[in-house]
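Here's a quick briefing on a sheet and a pair of packed helices. Have the viewer open while you read.

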Amino acid sequence: MEKGTIPRSTVSGGIDLRTTLQSGQSFLWNRTDGNMYAESSDDAWYYTVSDGEVVFVRQQSDRLEWRATTDAADNLRRRLRLQDDLDEIFDSFPEDVALARARDRYPGLRVIRDPFFPCLVSFICSARTTVEQIHGFQTELAREFGNPIDVDGTTYHTYPQPAQLAAVPEAQLRDLGLGFRAPYIKQTASMVTSGELTAAMVWDEPYKTVHERLQSFTGVGPKVADCVALFALGHLEAVPVDRWTRRLIETYFPDLARETYGETADAFREHFGQYAGYAQTYLFHYERS
DNA sequence: AGCCAGGCAAGTG
DNA sequence: CACTTGCATGGC
């Protein structure tokens, strides 16, 4: 195992690892104590399986500490978007009391960057359920259908490849409690496997094109498409409007409330600008906690 | 017991 | 296009 540190001084605006990983953006991380959403254990080890290897990371007062089989520093900087300058991002927002309060309470909350396919499946799973259960689904999918990896006598699992999920009978997916989401996952995995629509086809497109194209996946509508655009493809102007976000808009930004999804998201985006997804992520977490 | 949870697809008018 | 309904399951 290699190990290393990322000094907090190199992360503009700071990093709050626990809040970032618990805030319902990514469902691909776990904690070594198995209690991902517990409040205690600020120095707990978190891990994810990335490119076939397990990467462990924990927060110390003045640094992030990591362990992996190869040098994971660059990987972590990408996954946790440590290059985002939070001061610059917040300076770009119009003055706002609710948003200032959210940052005051959760400084160092960052938008993450998930791998495309796991993020896509995660948010297909997100329909009509809870953050904790979405996370449970991803852990189960990896355990049941991913490849095992042994690290120091403990077995971890890769997230299943598209072809692996496409090959799973729908009934087996339903056995995990996925319910009506099971056929959506299977069909979407098949579409990626066959090359009908892949990450490469949307990677370099502008946000609006990405948002439209993602919705041709089964089980992906405007909200899930915005989550994938923001949390996997790095379109920081994407604004997922879910029940929580709609509620907080009606409470704190009634002038931005509109009838349809698209008009509401556009109004929010025009108000907060090119980093509107960051504003949404802070307000969402603040509203939910 | 009934309602809600990071929505979406399919069916109408 | 706008609107309604069904969808699996679990927790409170």
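"Buried" here means under 20% relative accessible area, with exposed over 50% and partly exposed in between (1.4 Å probe, protein chains only). Helices (H or I, at least four residues) and strands (E, at least two) are DSSP runs numbered from the N terminus. This is a predicted model, where local features need pLDDT of at least 70 and side-chain atom pairs count only at pLDDT 80 or more, while totals for chains, interfaces and linings use all residues. Residues are numbered from 1 along each chain as its sequence is written, chains are lettered from A and ligands numbered from 1 in the order in which they are written, and side-chain values use heavy atoms, leaving out hydrogens and water.

- Five strands make an open sheet, ordered 1-5-4-3-2, with antiparallel pairing (two strands pair if DSSP finds at least two bridges between them).
- The edges belong to strand 1 (2-7) and strand 2 (30-31); each has a single partner strand, so one side of each has no neighbour in the sheet.
- Strand 4 is mostly covered, with seven of its eight residues buried.

- Strand 3 (residues 46-50) runs antiparallel to strand 4 (residues 53-60), and five bridges join them.
- Along that pairing, Tyr46 sits opposite Val57, and Ser50 faces Glu53.
- Two residues separate strand 3 from strand 4 in their hairpin, and Asp51 in the turn has a positive phi of about 50 degrees.
- On to strand 5 (residues 63-68): this one pairs with strand 4 over five bridges, again in the antiparallel sense.
- Strands 4 and 5 also form a hairpin, with two residues between them, and Phe56 has Arg67 as its bridge partner in strand 5.

**Helix 13 against helix 15**

- Helix 13 (residues 243-252) packs on helix 15 (residues 276-288) at an angle of about 90 degrees, with the axes 10 Å apart (axes are lines fitted to C-alpha atoms over the stretch in contact, and angles run from 0 to 180 degrees between N-to-C directions).
- From helix 13, Trp244, Thr245, Arg247, Leu248 and Tyr252 meet Gln280, Leu283, Phe284, Glu287 and Arg288 of helix 15 (contact means heavy atoms within 4.5 Å).

**Helix 15 itself**

- Helix 15 has 13 residues and reaches 18 Å from first C-alpha to last, close to the 18 Å expected (1.5 Å times one less than the number of residues).
- Helix 15 is mostly covered, with 12 of its 13 residues buried, among them Tyr278, Leu283 and His285.
- The cover over those buried residues includes helix 1 (17-22), helix 3 (86-91), helix 4 (97-105), helix 12 (222-231), helix 13 and helix 14 (261-272).
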